[in-house]
Amino acid sequence: MINQGDQTIGSTEATEAFFAMTKLFQSKDATLRRLMYMGIKDMSKIANDVIIVTSSLMKDMTGKDDQFRGPAIRALCSITDTTMLQSIERYMKQAIVDKCHAVASAALVSSLHLSKGSQDVTKRWVNEAQEAVSSDNIMVQYHALGLLYHIKKHDKLAVTKLVSKFSKHSLKSPYAYCLLIRIASKLIADEDAGSDSPMYEFIENCLRHKNEIVIYEAAHAMVNMKGITTKELAPAVSVLQLFCSSPKPTLRFAAVRTLNRVAMKHPAAVTTCNLDLENLITDTNRSIATLAITTLLKTGSESSVDRLMKQISTFMSEISDEFKIVVVQAIQSLCLKYPRKHNVMMNFLSSMLRDEGGFEYKKAIVDSIIIIIEDNSEAKEAGLAHLCEFIEDCEHTVLATRILHLLGREGPRTPTPSKYIRFIYNRVILENAAVRAAAVTAMAKFGAHCEELLESCIVLLERCELDSDDEVRDRATFYVHVLRERQKALNSAYILNGLQVSVVGLERALHQYTLEPSDKPFDMKSVPLATQPLTEQRSTAGGAKEPGDTVTSKPTEKVASSRQDVYAEQLAGIPEFANLGPLFKSSSLPVELTESETEYVVRCIKHTYSRYMVFQFDCTNTLNDQVLEKVTVHMENTDDFQVLKCVPCPKLPYDSPGTTYTLVRLPEEATAVTGTFSCTLKFIVKDCDPNTGEADDEGYDDEYVLEDVEVSVADHVQKVMKPNFGASWDEVGPDNEMEDTFALSTMKTLDDAVKNIIQYLGMQPCERSDKVPEGKSAHTLYLAGVYRGGHDALVQAKLAMADGGVTMQLTVRSTDPNVSEVLVSAIG
Amino acid sequence: MDSQILEPSLYSVKAIMILDNDGNRLMAKYFDDQFPSAKEQKTFEKNLFNKTHRANAEIIMFEGLTCVYRSNVDLFFYVVGSSNENELILSSVLNGFYEAISQILRRNVEKRSLLENLDAVFLAMDEICDGGIILDCDSSSIVSKVAIRTDDIPIGEQTVSQVIQTAKEQIKWSLLK
């Protein structure tokens, strides 16, 4: 019996034991009999030939003794497979509507287990389940409802009916209510229904139910709803508030946890509970106390922060890492809310850093400090000092390299960069290879940035040239040489800004190069550029150095291949496009060319090559009685753009997306870059049977007018992050500088202007210049990008508020005169 | 801990276990494959025990799971569910389980008597939860389903019909002799 233990029983052994056990069917002792059922269930997974007992079980199942019937059914269902199911179906149907609750429950639950494997058989039991729901036993009701929902899950209308039916009849079982609430809230989420739907009303009514399980479930469901307002939350919150003062710890825990979640989105709604929450801080259950404090931290006012911090630190050591992370996150958000309190918070975080803790926990703290540093320049000095202290004694390589990278970026710009050098050099002496390499890079950045430290940095780097690790040595040698040159441009290109290519693309290009040896040196420009991930802040923070295969350091992108690489792969697979050269850029979001509810839905993605442009049209056919064939998108030639080729989509059946491509040659004239195409979808329609999908042989030509596709400047520019904008600016030099002044009368705020400019130019904002500090009337925006063909382009936009509009002075520098012209004209 | 809409399902319990005073397993049943091997289960139990055996706090978030627990003399009862599960449902399962066992063991909830009645305790566990679905949370109905050694249960806890039944049988036996 004790196969609960450690050793796993082999298959043959199990079979033998199983047959020995089946002899027990003759046994009269009830207990033994029952234990046998359990044994059968547990062994069904490991033993062979379990089918043999089916007939004995069936006898028990239809027998007189109610005590045996329930377990027998459950055991039986765990050993049957689909083929056997037919034969027991009749008995199952009977059992579901059986008078004895235990039997009915057992049958329902077993059929739920069974339905995972074979949907269609259990589907025939709907009527029986329907009947069982109206049973007066609470558990039977619950299980029957569960089964009904499971059967009808894919039929939205039926589910809606189900809920509205049972929300009117009062169910007895609290569990059934909970289930119903969940189904209802899922429906609401699926349909984006507002608070006026009947489902919502039902959930709100449940707040006044007798049973607290139901009340909590309802409150929980309301809190989790997407578009709920603070006012609508009020009843739920007041219920939770009552729970807070309950004597049961579980209830208190549940309430506080949910309130905590509310506080993340609607802090104002929770403020009424502040008093109750304060009482919970001293709760004996540490989990409750922590949750209470973090909730208070989110809702509390600036004045109470100090007190709360003191409270937390008293029991920080007693709670689990997971909760510590919650606390850290709460502090982080608080710090962003009340920048003036950063002093207290920083000290607290740093003392937490010194404490024991796992990797996840430390990572959360380091993350928080980095975010605070980036957001609050006042906190920078203190934060960097804390982090320096931390890496002195840090066992996690990843964190150490990350902090070193941050030091390399931020350190040189502080008033006293020299003090960080000591910390960094200590790493070189004491740590493992990866950290040493990162330290060398960080040090080189100091050298490149601060003239007065250059000499000492070179000396230190020279010492690293004797390192035992190849990577460290390579980096050190490389940096020493670059630094010796003392040229600003070199410094900026190789040390401060790194290489901006996508790792996957580089790998592919290099691979191709080695396959086809040629005399030409490998051309860096042919490598697709890295797409800057949308969460730009995180990626720079996470830009820990990895020992790469090139000598220059490069910020690590997400290792997973980015979206663009996926597209590149797809396009390279199409023979017509094979000779276009490397893909330069794919537009980030598909443009909808139709209304979303028309017969055919078409979306367009633009892929830019150095001389061509490929339009990828993702089409979906929403008519289930039609099959489209030879689908192409016909684009009108405009002045300079020339449509070269179409790759049709051979067949487009109902509801499965297909893709067609159109190739366009870009104009020779370098400054003519924008244009508008009118598009028509052309295809052959064939009627088909909606059920079988078989199409008629005959079809007719048809077309469908799409909205125009526009090509803008942004399509020609790839975003590139320059961590050090100033250095790049100097590197490109004023040779191709263009300047112009614009009055942007339609923009009402600086924020709007910044957003629009970024959108027009499709370039990457640097130095966090996309965030306009509040209350300022002037702002400078730095943008960086690479223009089609591999020309660097940098934009400096000085914005100023002037009566009712925004005035902008735009300065563009690039390596190609045409590019500057294009970019300047893009705004106008 | 992100809030997401739960897929409505009856599968609410992930594991039920009873540990002894030193955190060793007396019995345990896992209903999904979050901890596939016995070794992983053991480490999970060990860690959970270390977190919970000191403070008697009833509920804890542990490794992304909600665990409700309860202890008596030298036994620890745990019910584990996903972190999105309704905590109150889990605690009602725990209470049902605990009450049922304390009735089976005749209020003598300790390791020795539990081991003596291990068969009945197994049956009770089986009756509470089947493959993760709650079968029943009401302690008295669980006990009646387990229904073993009715003659051992003190008179006060039997129903009238059960008493009559046993009396009848005893008379029958005496007559036959």
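pLDDT is the predictor's confidence in each residue, from 0 to 100. It matters here, since this is a predicted model.

Start with chain A. Its mean pLDDT is 70, and 68% of its residues reach 70 or more. Helix 13 of chain A (residues 212-224) has the highest mean pLDDT among the elements of the chain, at 81. Helix 31 of chain A (residues 536-541) has the lowest, at 32. Over residues 520-561 of chain A, the pLDDT is below 50.

Now the overall build of chain A. Its secondary structure comes to 35 helices and 18 strands. Of its 828 residues, 53% count as buried. Consider the contacts in chain A between residues at least 6 apart in sequence: 64% of them join residues at least 24 apart.

One helix pair shows how packing looks in chain A. Two packed helices are described by the angle between their axes and the distance between the axes. For helix 25 (residues 418-430) and helix 27 (residues 454-464) of chain A, the angle is about 10° and the axes are 11 Å apart. Angles under 35 degrees count as roughly parallel. Helix 25 and helix 27 of chain A are therefore roughly parallel to each other. Which residues meet there? Helix 25 of chain A brings I421(A), Y425(A) and V428(A). Helix 27 of chain A answers with C457(A), L460(A), R463(A) and C464(A). By class, the contact has six nonpolar residues, no polar ones and one charged.

Next, a loop residue of chain A. S173(A) lies between helix 10 (156-168) and helix 11 (174-191) of chain A. Is S173(A) buried or exposed? S173(A) is buried, with a relative accessible area of 0%. Leaving aside neighbours within four places in sequence, S173(A) is in contact with I138(A), Q141(A) and Y142(A). S173(A) and V214(A) are 41 residues apart in sequence. Their C-alpha atoms are 9.6 Å apart in space.

Turn to chain B and its sheet. Five strands form an open sheet in the order 2-1-5-4-3, with antiparallel pairing. Strand 2 and strand 3 (59-62) of chain B are the edge strands, each pairing on one side only. The twist averages 20° from one strand to the next.

Strand 1 of chain B (residues 15-20) has a partner on either flank. With strand 2 of chain B (residues 25-30), strand 1 pairs in the antiparallel sense over five bridges. With strand 5 of chain B (residues 75-82), strand 1 also pairs in the antiparallel sense, over six bridges. M17(B) stands opposite A28(B) in strand 2 of chain B and opposite Y78(B) in strand 5 of chain B. The hairpin of strands 1 and 2 of chain B has four residues between the strands. There G23(B) takes a positive phi near 80°.

How covered is strand 1? In a regular strand the side chains alternate between the two faces of the sheet. A15(B), M17(B) and L19(B) point one way from strand 1 of chain B. I16(B), I18(B) and D20(B) point the other way. All are buried. Strand 1 of chain B is thus mostly covered, with six of its six residues buried.

Move across to strand 3. Four bridges join strand 3 of chain B to strand 4 of chain B (residues 65-72), and the two run antiparallel. F62(B) has L65(B), in strand 4 of chain B, as its bridge partner. Helix 15 of chain A (residues 249-265) packs on the sheet here, touching strand 3 and strand 4 of chain B. The direction of helix 15 of chain A makes about 45° with that of strand 3 of chain B. Helix 2 of chain B (residues 87-104) packs on the sheet too, touching strand 1, strand 3, strand 4 and strand 5 of chain B. The direction of helix 2 of chain B makes about 25° with that of strand 4 of chain B.

End at I59(B), in strand 3 of chain B. I59(B) is buried, with a relative accessible area of 1%. Leaving aside neighbours within four places in sequence, the contacts of I59(B) in chain A are P249(A), T250(A), F253(A), N285(A) and S287(A). In chain B, I59(B) is in contact with T66(B), C67(B), V68(B), Y69(B) and E87(B). I59(B) and L90(B) are 31 residues apart along the chain, and their C-alpha atoms are separated by 10.0 Å.

Notes:
Residues numbered from 1 in each chain as written. Chains lettered and ligands numbered in written order. Heavy atoms only, no water. Buried < 20%, exposed > 50% of the residue type's maximum accessible area, 1.4 Å probe, protein only. Pairing = 2+ DSSP bridges. Contact = heavy atoms within 4.5 Å. Axes fitted to C-alpha atoms, helices over the stretch in contact; angles between N-to-C directions. Parallel < 35°, antiparallel > 145°, perpendicular 65-115°, else oblique. Nonpolar A, V, L, I, M, F, W, Y, C, P; charged D, E, K, R; others polar.
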